[in-house]
Amino acid sequence: MNRIELPLVAQRLQLRDFKLSDLEAVHAYASSPYVVEHQAWGPNTLEQTREFVEQCVAETAHPQRRSFNLAVVLNNGRLAGGCMAALSADGHEAEIGYSFEPSYWGKGYATEAVTILVTELFARTSIQRIFATCGPLNAASIRLLRRTGFVLEGCLRAHKVVRGQVRDSLIWSRLRDDASMAPGLHALAGALEQKP
Ligand SMILES: CC(C)(COP(=O)(O)OP(=O)(O)OC[C@H]1O[C@@H](n2cnc3c(N)ncnc32)[C@H](O)[C@@H]1OP(=O)(O)O)[C@@H](O)C(=O)NCCC(=O)NCCS
């Protein structure tokens, strides 16, 4: 059991493979300085976005696919952003990431997309751990990860170079067993996150 079945269908959106025809919609967010502010890549040129979309399409044909770059498409057909999951070679863990076009921020779409992605990863694969990293100043991403049940593990010092600046990253995880954690332990994890 190690296949996630696409599309992943949630209430207001679905996650599906990218198509070459998504180029313009992907470039709308991949070229935005706001979207890439806390990320090591971008803002993309059109050529860079084309290369990304082509890579995404190519990965769909891989027989032992471990990389899932997925388009987040609202029920009205608009492409709002992208989510990714990269499974480790041994199938033990997966990293996730996400980027949305700014006009779709603040509406809960990212929460819905991350929730369905995490749920399906645990349901359809045998991975034990899902992790994500984010910049310490990326408040929206921090709120999203907390809202979707991720626990702060720590700080990766000098983890990335973002437009010439060396930057730390926060690392967060959800474990398969977190679902069975006692409510008291969730409260403890939350309290520890508050400490300076
Ligand atoms: C990170 C990112 C995806 C978060 O997006 P977001 O819009 O804040 O997240 P959501 O779509 O889940 O929206 C949540 C917000 O909408 C509100 N909201 C409105 N309707 C909602 C609903 N039905 N359900 C949940 N939240 C809802 C929430 O209260 C929340 O607001 P708050 O953050 O002020 O508390 C977005 O900021 C982004 O794309 N950033 C650029 C890329 C990036 O930095 N990626 C991460 C790299 S680590």
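Biologist: Across which strands does H5 lie, and at what angle does H5 run to E6?

Modeller: This is a predicted model: local features need pLDDT of at least 70, side-chain atom pairs count only at pLDDT 80 or more, and totals for chains, interfaces and linings use all residues. Residues are numbered from 1 along each chain as its sequence is written. Helices (H or I, at least four residues) and strands (E, at least two) are DSSP runs, numbered from the N terminus. H5 lies across E6 and E8, and its angle to E6 is about 160°; angles run from 0 to 180 degrees between N-to-C directions, with axes fitted to C-alpha atoms, for helices over the stretch in contact.

Biologist: How many bridges pair E6 with E8?

Modeller: Two strands pair if DSSP finds at least two bridges between them. In this pair, Ile130 sits opposite Arg174 of E8. E6 covers residues 129-134 and E8 covers residues 165-175; they are antiparallel, and the bridges number six.

Biologist: Which residue in the turn between E7 and E8 has a positive phi?

Modeller: E7 (residues 151-162) runs antiparallel to E8, with eight bridges. Val162 faces Gln165 in E8. Two residues separate the strands of this hairpin, and the one in the turn with a positive phi, about 45°, is Arg163.

Biologist: What is the strand order in the open sheet, and which strands are its edges?

Modeller: The sheet has eight strands with mixed pairing, in the order E1-E2-E3-E4-E5-E6-E8-E7. Each edge strand pairs on one side only; the edges are E1 (8-9) and E7.

Biologist: Which strands does H4 touch?

Modeller: Contact means C-beta atoms, placed from the backbone, within 7 Å. H4 packs on the sheet, and its direction makes about 160° with that of E5. The strands touched by H4 are E1, E2, E3 (67-74), E4 (79-87), E5, E6 and E8.

Biologist: Which residues come nearest to the ligand?

Modeller: A residue counts as near if its C-beta atom, placed from the backbone, lies within 6 Å. E5 (93-100), H4 (109-124) and H5 (139-147) each supply at least two shell residues. Of the 20 residues around the ligand, the nearest are Trp105, Gly108, Ala110, Thr111 and Ala140.

Biologist: What percentage of the protein's residues is buried?

Modeller: Buried means 20 or more other C-beta atoms within 10 Å of a residue's own; exposed means 12 or fewer, and partly exposed is in between, with C-beta atoms placed from the backbone. The protein has six helices and eight strands. Of its 196 residues, the buried share is 27%.

Conventions. Two residues are in contact if their C-beta atoms, placed from the backbone, lie within 7 Å.
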